[in-house]
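Good morning. Please have a look at it first.

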Amino acid sequence: MKLTVNKVEHEIDVNPEMPLLWVLRDVIGLTGTKFGCGIAACGACTVHLDGKPIRSCVTPVGDVEGAVTTIEGMGTPASLGMVQKAWLKHQVAQCGYCQSGQIMSASALLEENPEPTDADIDEAMSGNLCRCATYPRIRAAIHEASKMLKEDA
């Protein structure tokens, strides 16, 4: 089966019931997406499917129709995306484990709502858990990314 990830088409030979997360990490080798809970409750495995956030730990790869974007597709160390720049500016990450999922959810929020309120952010990010409790920094970074995206437009 074919799978487009970060604008690159991959030919994969796996059981269609295999979770997308394991295809991304173990078959394609993109390890930025993390395994958290395995039941879509923590958001660590969040990726985009045609721009919408999904939980890759519970999504069978055979059900994936469309383009997948992972944290590796959001920017590079030499050319970070706006949300990643805001994350660094606000020093959001502590242990860092949930951060790729947090950034993917934040990016999807900003795509849908370029000027979210605190309530919008809290609602959109409520499915992403951070064991280090960096929620105030996450909210500040999302506001910063919103401002940066507006200035860049």
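Predicted model: local features only at pLDDT ≥ 70, side-chain atom pairs only at ≥ 80, totals over all residues.

Thr134 is buried, at a relative accessible area of 2%. Buried here means under 20% relative accessible area, exposed means over 50%, and partly exposed is in between, with a 1.4 Å probe and protein chains only. Residues are numbered from 1 along each chain as its sequence is written, and side-chain values use heavy atoms, with hydrogens and water left out.

Where does Thr134 sit? Its place is the loop between α4 (118-124) and α5 (135-152). Helices are DSSP runs of H or I with at least four residues, strands are runs of E with at least two, and both are numbered from the N terminus. Not counting residues up to four places away in sequence, Thr134 touches Val92, Gln94 and Gln99; contact means heavy atoms within 4.5 Å.

Next, the cysteines. A disulfide is a covalent bond between the sulfur atoms of two cysteines. The cut-off used is a pair of cysteine sulfur atoms within 2.5 Å. How many disulfides does the structure hold? It holds zero. Cys57 is in none, and its nearest cysteine sulfur, that of Cys45, is 3.6 Å away. Cys57 is also buried, at 10% relative accessibility. For Cys132, the closest cysteine sulfur is in Cys95, and at 3.7 Å that is too far for a bond. Cys132 is partly exposed, with a relative accessible area of 26%.

Now the interior. A nonpolar core is a set of buried Ala, Val, Leu, Ile, Met, Phe, Trp, Tyr and Cys residues joined through side-chain atoms within 4.5 Å. The largest has 17 residues, and among those with the most contacts inside it are Trp87, Met125 and Ile142. The elements giving it two or more residues are α2 (82-89), α3 (99-112) and α5. A second, separate core of 15 residues includes Leu3 and Val68.

Last, the pockets. On a 1 Å grid over the protein atoms alone, a pocket is an open set of points where a 1.4 Å probe fits, with protein on both sides within 12 Å along at least five of seven lines; lining residues have an atom within 4 Å of a point. Of the 30 residues lining the largest pocket, those closest to its centre include His48 and Glu111. Which element gives the largest share of that lining? It is α3, with eight residues.
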